[in-house]
Every structure is written in structure tokens, then in C-alpha cells.
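I opened my notebook to look around this structure one step at a time. Here is what I looked up, in the order I did it.

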Amino acid sequence: MTPRVAEVVATGMLATVQDLGRPGLAHLGVPGAGAADRRSLRLANRLVGNPEDTAGLEATFGGLRLRFPGGAWVAVTGAPCPVGRGTYAPVWVPPDGELSLGTPSAGLRTYVAIRGGVDVEPVLGSRSHDTLSGLGPPPLKPGDLLPLGSPAGLPQPLADAAPPPPWPDTPMLRIRVGPRDDWFTPEAVAAMCAVPYSVSEDSNRVGVRLRGPVLERARRGELPSEGMVAGAVQVPPDGQPIVFLADHPPTGGYPVIGVVADADLGLAAQLRPGDQVKFLRVR
Amino acid sequence: MRRAGEFGVLVETGDLAASHRLDAALRADRPPGVTEIVPGPETVLVVAYGAACDAVDRLAARLAALNAAAHVPGGLAEGDHPVVTIPVEYGGADLAGVAALTGLSAAEVVARHTGSEFLVGWLGFAPGFAYLTGLDPVLHVPRLTTPRTSVPAGSVAVAGPYSAVYPSASPGGWHLLGRTSTAVWDTSADPPSLLRPGMRVRFIEKTEKTEAGGS
């Protein structure tokens, strides 16, 4: 009998196993981790009939190639990249067939859900690789054989295809100011929302580092370490904001000027170096 | 009360003892929908991920009342935390350096480190990395000017007003006083971290005798 596995042929820049992460352990120093663009992973899972929190694969800037000795139903979502078999739809890869992601035309992270899920050993309740702490399965390497879960008992996929979301020319992140906006001048909050920031090369799953207007502080001194949420826009002393993504540290000591809306975090995770992004203040 | 995004409330407790009282009260009687409770030295972050807007408003009101109670003597029960004893083989790479910085002998550094009761303030930096307060002020030394690229798991260290046990191998800029074989971090245990906010910790010097005793 053919084993239920996916063979990693090529990984691209970085490919990891991700589910919805390890919530609830921040007080023990454990980052949340999980898919950086959770909406895309959830959709990919729904397309193949998996529960939304099933472990799939997160590819960074395309380049992931998988071979399925026993065949598999898969769905590809997130950053749109050329895939011979189609994206945003459940697709059957026949036995010994390959799924190969090209380079995305926009966005950064592409998700692959496989019916039955990626069945590596969970750590603290999650199969996510956490780039900050190293928890979870290591990043994929060529030659890895990923065990796949059984599709037995899963519902049949209901949709033949999902419309891919439109990709914005200048992405907009809605931001709610606080909790530490009072550490900044009133002009800083206005400046942040006035002109676009550009995305820096050193962005990763921990955060999107931005370059643009310097956010001036209204007070000096150090903030005692405090809990951080995903989407927090932390501002180090150089005044250049960082939008925290899935692998952000659970606590931090730089003031948070605002928090990106949960619904826009997936978009933040799709920003690639050189992209322009604008903040839009809400409420 | 400060809001941290749609789902987060950052409670300003003002001090660590009040953070611990509020943390203990919230864990003992967790408000519905709360997904994270993260105590810090002067704050507690409470997150109700996915909760409706008005539910987060109600949570914020309840947290304001609890925070007020945390500042009244007897307003919130103190958590009941046992003392965790951690045997240490002193003789770490920086023991002599800390002795030189403080003007003490190595034996006096050990005596002062084993002579204090520590409190687990909060965790951060790495999974299971507990900031222990209560370090003898004489042992307050600045971080290493050049952090090490790798510090072994179980290293017992000091920096600034804190002591810590490195839960796993990681880079680190703290002064290494010694090493313990007590596992402070175990992903197969529940909870995975031996040290949790509010717990008390004592270090004891591991000698031939305590080793023979199997501690």
C-alpha cells in the first residue's frame, strides 16, 4: 500500500508547517505562531474539507514543490502564484504527481492545504513551526517525507472554487491607536497615517519592518516589559514601526502606538520587501 | 484601562504584586472568552480573541473593578504558591567575573545567591524563561557587553536586578553563575514551565551530599 505522505522536492526561500498556532501560553513566554495569513490557511482547509485549524504548509515567495506518491486532494491559496493545476480550488494530484508553486505575482506567502492535513507530531498542541522560539517541526528540507492524516470521516468539499481576493495596489491597514500612543507626539500619530511606509528587507514572520516618517516620542525613558498582541505596531527608539506577526515575542519593552485590525493582519503578512503600505486610523 | 486592539485590554496595575494578584484572580475565575492573561511588572494584558466589541467593553469594566480590588488590602486573595527549590552546581563561566565586579569572593557570591528567596515576576525572552526578582542588590551587575551566541540549557544567571535559569540553549547576555539539572522547561509536561508568575524560588548549592541524596 502506498504510504500517505507528501515528499518535499524543493522548499523555496522558507517553507514551514503551520496551523492556527499555540494560543493561551503567552504568560509562559510561548509565541502564538501559526499561519501568518490565517484567513488564507483557513480557506485552503475549507476547500479540501478539512477543519479550518488543520496543519498545512506556508511557502514564502513560492518555490515549494511537493510529490504525492499516493495522490492527494490539495488547495492552494494566499499569494497568487502560477500552479499548473490551479489555485483557490480543490485539485486532485494523481499518484506520483507533483504540485509546484511558481513565483507569486503579488504577495509573499502561499498556503497549501492537503485533505487529511499534515500529520507531524504536535508540540504544545500545535504543529506550527515557530521561527522565534524554534518550537514545533523544523522548516521543510528537500527530501522530507511529511506524514498525511487520514481523510476518513471528513466532509466532502462543498465549493468547486473560491474567488481569490482582489490584490490592492496600495495595501491599507486599519489601525486602532494605543495602548501607548501617549508615548508619542500627536504629530506622530497623524504622520503615521499621512504617507505610505515601505516594507524593509529584514521583515519576517516575527514582524513587518517599515521605513518612513520617524515617529517622534513625547516622553523619554524605558517602558517596563508588557504583553504584546499580534498586530501591535511597536516602535523602537529609531522611530521606525514594526507590525508584529504570528511569531512575535509575547512581551516587549518598546511602546505600541497602535494595533492593526485583526481582519487586516493577513494582508500585513502578505507585504513583501519594497511594497508600499498605508495606515488608516479607525475609531 | 488601555485597549490593545479589538480584543486586548492592558490593565495598568502599577506594581508586580498587584499584577500577580490580578493574574491569580483571573486564572481562578476566568471571565468568559478570555484567551490570554499575560502579567508584566506593571501591567496585565488580557486578551479575548474573537470576542464581540461589547463583550470586550464589559471585560474592560470587570478588569477595572478587579484592578481596584487588587490595590485594597485583602481585596483580592494572594495566590498560594509553593517554594520551588533548584539545586545549582556553582562554578559557572562568569562566577569569577561577578566576584570581581562586586568585590566579593566567589563563595560570597554563591552565599548571596542562595541566601535570597526569589519571586517569579513574569516570563519572556524565550519559552519558560522566568525573570526572578529578589536578587541581592550587591549582585546587580550590568549585562555582558558581548552576549554569548549560545548559552547551555540549565544555566543559572544574573543580570541587572534579575536572576534566571535558561530553559533551553539560546544566545544570552547574562552572567553565568552555575548550572542546574532541574528541567525548568518540558514541552511534554503540563504546564510545560516549572516556573510561573507568582511562584517563589530558592537556589541551593549542589554538593556531593545533595547529589548522593538524589535531589
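**Entry 1: the two parts of chain B.** I began with the centres of domain 1 and domain 2 of chain B, which are 30 Å apart when taken over C-alpha atoms. I reminded myself that this is a predicted model. For the bounds, I noted that domain 1 of chain B runs over 2–70 and domain 2 over 83–212.

**Entry 2: where the two domains touch.** How many residues does each domain of chain B bring to the contact? I found seven residues from domain 1 of chain B and five residues from domain 2 of chain B. On the domain 1 side, helix α1 (residues 16–28) of chain B gives the largest share, four residues. I then sorted the residues of that side of domain 1 by type: four are nonpolar, two are polar and one is charged.

**Entry 3: chain A as a whole.** I moved on to chain A and found three helices and 18 strands there. Its C-alpha trace spans about 65 × 40 × 30 Å along the principal axes. Next I checked the radius of gyration: a compact globule of 283 residues would have one near 19 Å, and chain A has 20 Å, which agrees. Buried residues make up 52% of the 283 residues in chain A. I also looked at contacts with a separation of 6 or more in chain A, and 76% of them join residues 24 or more positions apart.

**Entry 4: an annotation on chain A.** I looked up the record and found that an unreviewed UniProt entry places "domain: Carboxyltransferase" on residues 27–283 of chain A. I noted that this span is 9% helix and 26% strand, and that its end C-alpha atoms lie 29 Å apart.

**Entry 5: one helix of chain A.** Why is helix α1 (residues 38–47) of chain A largely enclosed by the rest of the structure? I call it enclosed because nine of its ten residues are buried; a residue counts as buried with 20 or more other C-beta atoms within 10 Å of its own. Among the buried residues of α1(A) I wrote down A:Leu41, A:Leu43 and A:Leu47, and also A:Arg38, A:Arg42 and A:Arg46.

Methods:
Residues numbered from 1 in each chain as written. Chains lettered and ligands numbered in written order. Predicted model: local features only at pLDDT ≥ 70, side-chain atom pairs only at ≥ 80, totals over all residues. Helix = DSSP H or I, 4+ residues; strand = E, 2+ residues; numbered from the N terminus. Rg over C-alpha atoms; globule rule 2.2 N^0.38 Å. Buried ≥ 20, exposed ≤ 12 C-beta atoms within 10 Å, placed from the backbone. UniProt positions renumbered as here; feature names shortened; annotations may be inferred. Domains from an automatic or database assignment. Nonpolar A, V, L, I, M, F, W, Y, C, P; charged D, E, K, R; others polar.
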